[in-house]
Amino acid sequence: MVTELSDHPLLQHQLTILRDVSTDASAFRQACSGMTQILVAEAAKSLKVETRTVQTPLEEAEGYRIAGSVVFVPILRAGLGMLDDAMATIPESSVGYIGLERDESTAVASCYYAKMPELDPDSQVFVLDPMLATGGSAVQCVDQLKQSGAKKVSMICVIAAPEGIACLREAHPDVPVVAGKIDRELNHQKYILPGLGDFGDRLFNT
Ligand code: PRP
Ligand code: URA
């Protein structure tokens, strides 16, 4: 299932700032932060809750808590731009890291780092990667998460290309995607059009 949030006014506003080539790194980080808060809140709608009772200063009240653990896994580097806001949204979460880098000529990603917290079948894992282009990085990440025991994995991205969505759906049909916007297509260098360029370079000013 793919959820696209492109009709959300705040998201439209932030995405346009991200796309704008004249946006500097500082404003880019701010817009990324704003978008991530909305995307994570949307993805978190799938979380299961359990009831719990609390004592207010006046009386008992029925309430809820998130059932099971929540794990955020940013794909380095660009996913790091989403991590702070994701953790702020769900402060009880754990964090795993995976480093994947696309070869500039082939656009095929290879893994250079992985460090995961304990994952059990009830853990809800949210992969953070702003750009779902060919889908190669996302598929490799989900492959590793499932090998580590994850059963519930969702993908959160700022922009997705139709090609990347199709690739992820083919390899992992059980992984829902929450995307700010589904863009038109990839160019011959496997960059998303209209896109925003290289997210990692714009985020880290490299
Ligand atoms: C970018 C982006 C994604 C990946 C998406 O990373 O952050 O991880 O490309 O492309 P794909 O869907 O075709 O795999 P990049 O390899 O540029 O590394 P970086 O984040 O370190 O800049
Ligand atoms: N990674 C990016 O940062 N941008 C793209 O358009 C595709 C992959």
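In this predicted model, a backbone N or O atom of Ile-192 sits 2.8 Å from an oxygen atom of ligand 2. Phe-199 also places a backbone N or O atom 2.8 Å from an oxygen atom of the ligand.

Now look around the ligand. Ligand 2 is surrounded by Arg-102, Met-131, Ala-133, Lys-190, Tyr-191, Ile-192, Gly-197, Asp-198 and Phe-199. By class, this shell holds 5 nonpolar, 1 polar and 3 charged residues.

Next, step back to the space itself. Several elements each supply at least two lining residues: strands β4 (70-76), β6 (97-102), β7 (109-115) and β9 (131-132), with helices α4 (136-147) and α6 (199-204). The lining divides into 15 nonpolar, 8 polar and 9 charged residues.

The second largest pocket holds about 160 Å³ of space. Its lining includes Ser-46, Leu-47, Lys-48, Ala-67 and Gly-68. Asp-122, Gln-124, Asp-174 and Pro-176 also belong to the lining, as do Lys-152, Val-153 and Ser-154. Strand β10 (residues 152-160) gives the most to this lining, with 3 residues. Here the classes come to 4 nonpolar, 4 polar and 4 charged residues.

How values were computed: Residues numbered from 1 in each chain as written. Chains lettered and ligands numbered in written order. Predicted model: local features only at pLDDT ≥ 70, side-chain atom pairs only at ≥ 80, totals over all residues. Heavy atoms only, no water. Near = heavy atom within 4 Å. Polar contact = N/O pair within 3.5 Å; in protein donor to acceptor, adjacent residues only side chain to side chain. Nonpolar A, V, L, I, M, F, W, Y, C, P; charged D, E, K, R; others polar. Helix = DSSP H or I, 4+ residues; strand = E, 2+ residues; numbered from the N terminus. 1 Å grid on protein atoms, 1.4 Å probe; cavity = no way out; pocket = protein on both sides within 12 Å on 5 of 7 lines; lining within 4 Å. Points joined across faces, edges and corners; volume = space filled by probe spheres on them.
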